[in-house]
Amino acid sequence: MFIKQVTVFIENESGKLSEVLDILNEFKIDIRALSIADTKDYGLLRMIVDKPFVAEKALKEKGYIVKVHDVIAIRINNEPGGLLKALHLLKEYKIDVMYLYAFVSEGNKEKASVMLKVSDRVKALEIFKENGISFINGEEIQELN
Amino acid sequence: MKNNNEYLERESLKKIQSEKLVKLVDRMYKNVKVFKDRCDSLNIKIEDIKSIDDLSKLPFSSKIDLRDNYPYGLFACPMDKVVRIHASSGTTGKQIVVGYTKKDIDIWNECLIRAFKAAKISKKDYLQNAFGYGLFTGGLGIHEAATALGAKVIPSSTGNTERQLTTMMDFGTTAITATPSYLEYLTEEIEAKNIKDKIKLKTAICGAEPWGETLRKSIESRLNIKAYDIYGLSEIMGPGVAYECECQCGMHFNEDHFIPEILVPDTNIPVKDGEVGELVITTLDKEAFPLIRFRTHDLASIYKEKCSCGRTFKRITKIKGRTDDMLIIRGVNVFPSQIEEILLKTSNGVTPNYQIIVDRVNSTDTLEIKVELTEELFSDDVKTIETITQNIKDAIRSTLGLGAKITLVAPKTIDRSEGKAKRVIDKRIIL
């Protein structure tokens, strides 16, 4: 299902990433997954954290531009071709992937978690459900208040 | 060839100017409502204007008048008589419009022919005109006058340096008109390609942006040419309002057509002799678009002594700066307010904090706009953000005709002094 992702704008300057992570550390926020989209001039830090709204508030207070919004989180088998089933479905229904990132946790090496942003998330959710793709329930790993 | 007005005795010149001024005031009072209303409301009696000594009784005009009366509200002749329309940057997104009758164009040609002759450019020359063609007065102004002079005009316009150099070599260019920074760039390219001995250039006339003696001497010695300064602005006419002679010691003001005043910007009283102040110009002959006491916002001073070339027209110094925040980038007049307006239109309704950074890299002006990111502009995907910066870039290109680099920066990273962001950083050094 949907999971809350925290996106932060980071300028391409040394030390900027650690500044953000220092703030999260100060508020005892646990990062579950993280990716950076890098461009020539800036980066977008995308994170799944345990307390997204606490993270948002803490970063905004320090003057960062932050956005909390839903991405689709699915669970796939951690084996060759594991992601393909989901991607083939998106292709079939002409849904574009804007970005995705994945991680495997030490505790469960059988499965991998994938965060996705797609051009039509409602439709994507629907076809994933119909085709037996399993979701990660955001509430299991995030406190949403 | 000393039987023209450039060599008139000052007394005779003053007489001509005074006669023209009286007629001008009468013509404008009858034909330009804005001028009439202003005189009436300030209780200025046009009958009191008897000579140029009375000029200071008349009200000022400014770029704001051009904006408020866009497009033709300040035209002083029937539109039937207008044969040319040019435009220039306004202080906001909207351009300002100026017009010319056939006679206005003839006078413009006359002024520029004086400039050509003073720079020893004659009908024998192959003149490569590297000023931009289009609404900008530089390109067509020079083109027509050089044609009237009888020179072989090569309308190369701006840009495409490779082709400019090939043209210069193959066509045998002997004179060039360009912005000084572009000529400097061409000079560097000529050196880099080691083609100096294939070039026959001997004269350049440069204008449309500030430059100094150091750059002039550098270009002159590297290309073994003479480089002359020229002054003008679209509101008054275009290039050729003032021009340098062989003495290269200030630009002779075409005083039989334009009256210069140098005023203290805050008090509007004339500066003491030789001091720098705001150049204010009255057009004496223009039929389509006359202006009385137009505030140019250019800072300059005037030499009153007679020039050793024999011309009696007063000379103005190079432009020393501006009284407003106008920037000249690659010869294009840019007001920060224009950029602010573009940002407002392209940033989802909230004007972000911004800073304009102008620099000169390899003799070419660069324009960078730093934009502080706002919540409204932010997105979790790069494509959406890049679309916004591209839209800003496109809007600047279509409004100003300039390429700009748009850099998104984190909030509160643009320096603020007394809480207010410094809007413009001009790193260029005028050599």
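This is a predicted model: local features need pLDDT of at least 70, side-chain atom pairs count only at pLDDT 80 or more; totals for chains, interfaces and linings use all residues.
**Entry: salt bridges in chain B**

I stayed with B:D26 and looked for a partner. B:D26 forms a salt bridge with B:K30, and their closest N and O atoms are 2.9 Å apart. Why are the two about one helical turn from each other? They sit four residues apart in helix α1 of chain B, so about one turn separates them.

B:E162 and B:K193 form a salt bridge, with 2.9 Å between the closest N and O atoms. This pair links distant parts of the chain, 31 residues apart: B:E162 is in helix α6 (residues 161-170) of chain B, and B:K193 is in helix α7 (residues 180-193) of chain B. For B:K193 I noted a relative accessible area of 34%, which makes it partly exposed.

Then I went back to a pair within one helix. The side chains of B:E213 and B:R216 meet in a salt bridge, at 2.9 Å from N to O. Both belong to helix α8 (residues 213-223) of chain B, where three residues, about one turn of the helix, lie between their positions. B:E213 is partly exposed at 35% relative accessibility, whereas B:R216 is buried, with a relative accessible area of 1%. In a separate group, salt bridges with shared partners tie B:E209, B:R360, B:D365, B:D426 and B:R428 into one network.

How many salt bridges turn up over all chains? My search of the whole structure gave 46.

**Entry: empty space**

I turned from contacts to gaps. Rolling a probe the size of a water molecule over the atoms shows where empty space is left. I found one cavity of 30 Å³ or more in the structure. The largest cavity has a volume of about 130 Å³. Its lining takes in 13 residues, and B:M28, B:F35, B:R38, B:S61 and B:L74 are the ones nearest the centre. Which element gives the most to that lining? I traced this to helix α2 (residues 33-41) of chain B, which supplies three residues. By kind, the lining of the largest cavity has ten nonpolar residues, one polar and two charged.

I also opened up the second largest pocket, which holds about 520 Å³ of space. Here I listed 24 lining residues, with B:P260, B:E261, B:I262, B:K304 and B:K314 nearest the centre. In chain B, α1 (10-31) and β10 (258-263) each bring at least two residues to this pocket's lining. The biggest share comes from β10(B), with five residues. I sorted the pocket's lining as ten nonpolar, four polar and ten charged residues.

B:Y70 and B:P71 are joined by a cis peptide bond, with omega at about -5°. I placed B:P71 in the loop between α3 (63-68) and β1 (82-88) of chain B.

Two residues other than glycine came up with a positive phi. One is B:R330, at about 50°; the other is B:S363, near 65°. Where do they lie? B:R330 is in the loop between β16 (327-329) and β17 (332-334) of chain B, and B:S363 is in the loop between β18 (354-361) and β19 (364-372) of chain B. I compared their cover as well: B:R330 counts as partly exposed at 33% relative accessibility. B:S363 has 7%, which is under the 20% cut-off, so it counts as buried.

**Entry: a patch on chain A**

Last, I looked over at chain A. A:L17, A:L34 and A:I36 make a nonpolar surface patch of about 230 Å². I followed A:L34, which belongs to strand β2 (residues 31-38) of chain A. A:L34 has a relative accessible area of 41%, so it is partly exposed. I also took a distance from A:L34 to A:M115: they are 81 residues apart in sequence and 9.9 Å apart in space, C-alpha to C-alpha.

Key:
Residues are numbered from 1 along each chain as its sequence is written. Chains are lettered from A and ligands numbered from 1 in the order in which they are written. Side-chain values use heavy atoms; hydrogens and water are left out. Patches are made of residues with over 30% relative accessible area and no salt bridge: like charges are joined within 9 Å, nonpolar side chains (Val, Leu, Ile, Met, Phe, Trp, Tyr) within 5 Å. Accessible areas come from the Shrake-Rupley method with a 1.4 Å probe; for residues, only the protein chains shown count as cover. A salt bridge is a side-chain nitrogen of Lys or Arg within 4 Å of a carboxyl oxygen of Asp or Glu. Buried means under 20% relative accessible area, exposed over 50%, partly exposed in between (1.4 Å probe, protein chains only). On a 1 Å grid over the protein atoms alone, a cavity is a set of points where a 1.4 Å probe fits but cannot get out, and a pocket is an open set with protein on both sides within 12 Å along at least five of seven lines; lining residues have an atom within 4 Å of a point. Grid points are joined across faces, edges and corners, and a volume is the space filled by probe spheres set on the points. Ala, Val, Leu, Ile, Met, Phe, Trp, Tyr, Cys and Pro count as nonpolar, Asp, Glu, Lys and Arg as charged, and the others, Gly among them, as polar.
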